[in-house]
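This report walks through a predicted model. It covers charged pairs, metal sites, nonpolar cores and a pocket.

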Amino acid sequence: MTTRTSSQGILADENAEKREEIIELLKKAYWMEIETVMSYVANSVNPDGLRAQEIVEALAQDIQEELGHAQQFAARIKELYGVVPGSLEFAAEQSYLQPPEHQTDILHVIKGVIEAETGAIEHYNRIIEVTDGVDYVTQDMVIAILRDEEGHRRLFEGFLREFEADGLA
Ligand SMILES: [Fe+2]
Ligand SMILES: [Fe+2]
């Protein structure tokens with residue numbers, strides 16, 4: 001039976017503890033995506049001004065992608081025999097993406113998005129490390145999601161560059 005068990009990878013009984021560890025990391029990732037959806041909805045609507053246009057359009061586009069990420073994390077939690085948590089377990093963390101005092105303060109939004117994407121990038125790199133050699137399916141999924149987040153951050157770093165070049169940041 002040993003051969004059979006080891007051939008079941010992360011779903012093997014002997015990997016129950018590792019599975020629990022990965023499920024907890026996936027739950028955190030799930031909540032990060034859900035909170036990002038909330039923050040991007042608000043920040044794709046609130047900003048005012050000419051300079052805000054590109055930013056709100058980019059954020060509005062990202063919402064669907066982040067929602068898709070949340071759904072992927074949820075599905076993977078279930079596949080690993082976990083349960084997707086209910087909304088009462090949610091605890092907000094994105095203090096840096098709250099509405100700014102002035103809705104023309106688009107720099108606040110750009111920096112907040114970069115911070116959110118950086119947080120996701122750090123957490124997903126951790127999942128990729130923890131799953132290495134034991135759960136290739138989760139790892140593969142998270143590598144693809146990580147690429148999306150790197151793309152999001154790069155886009156907003158470009159917006160920040162423009163602000164810096166214009167002496168506004
Ligand atoms: Fe995401
Ligand atoms: Fe993102």
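R153 is partly exposed, with a relative accessibility of 26%. Here, buried means under 20% relative accessible area, exposed means over 50%, and partly exposed lies in between (1.4 Å probe, protein chains only). E157 is also partly exposed, at 28%. R153 and E157 form a salt bridge, with their closest N and O atoms 3.4 Å apart. The term requires a side-chain nitrogen of Lys or Arg within 4 Å of a carboxyl oxygen of Asp or Glu. The two residues sit four apart in helix α5, so about one helical turn separates them. Helices (H or I, at least four residues) and strands (E, at least two) are DSSP runs, numbered from the N terminus.

## Basis of the model

Residues are numbered from 1 along each chain as its sequence is written, while chains are lettered from A and ligands numbered from 1 in the order in which they are written. The model is predicted, local features need pLDDT of at least 70, side-chain atom pairs count only at pLDDT 80 or more, and totals for chains, interfaces and linings use all residues; side-chain values use heavy atoms, leaving out hydrogens and water.

## Other salt bridges

The whole structure holds seven salt bridges. One of them joins K27 to E24, at 3.5 Å from N to O. Both residues belong to helix α2 (residues 16–43). They are three residues apart, about one turn of the helix. E24 is partly exposed, at 45% relative accessibility.

D135 pairs with R76 in another salt bridge, where the closest N and O atoms are 2.9 Å apart. This pair links distant parts of the chain, 59 residues apart. D135 lies in the loop between α4 (106–130) and α5 (136–165), and R76 lies in helix α3 (residues 52–79). D135 is buried, at 1% relative accessible area. R76 is buried too, at 8%. R76 and D135 also belong to a salt-bridge network that includes E79.

E33 in helix α2 and E149 in helix α5 link distant parts of the chain, 116 residues apart. Both E33 and E149 are buried.

E117 is buried, at 2% relative accessibility. E149 is buried at 1%.

How far apart are the iron ions (ligand 1 and ligand 2)? They are 3.9 Å apart, and E66 coordinates both.

## Nonpolar cores

The largest nonpolar core has 25 residues. Such a core is a set of buried Ala, Val, Leu, Ile, Met, Phe, Trp, Tyr and Cys residues joined through side-chain atoms within 4.5 Å. L26, Y30, F73, Y124, I127 and V142 have the most contacts inside it. Helices α2, α3, α4 and α5 each give two or more residues to this core. α2 gives the most, with eight.

Leaving aside neighbours within four places in sequence, Y30 is in contact (heavy atoms within 4.5 Å) with A70, F73, A74, I77, V84 and P85. A second, separate core of 19 residues includes I63, L107, V113 and F159.

## The largest pocket

The largest pocket has a volume of about 270 Å³. A pocket is an open set of points on a 1 Å grid over the protein atoms alone, where a 1.4 Å probe fits, with protein on both sides within 12 Å along at least five of seven lines; lining residues have an atom within 4 Å of a point. The volume is the space filled by probe spheres set on the points, which are joined across faces, edges and corners.

The lining has 20 residues, and K28, W31, M32, E35 and E93 are the closest to the pocket centre. α2 and α4 each supply at least two lining residues. α2 gives the most, with seven.

Terms used
Donors are N, O and S atoms within 2.8 Å of the metal (3.2 Å for Na, K and Ca); water is not among the atoms, so sites may look incomplete.
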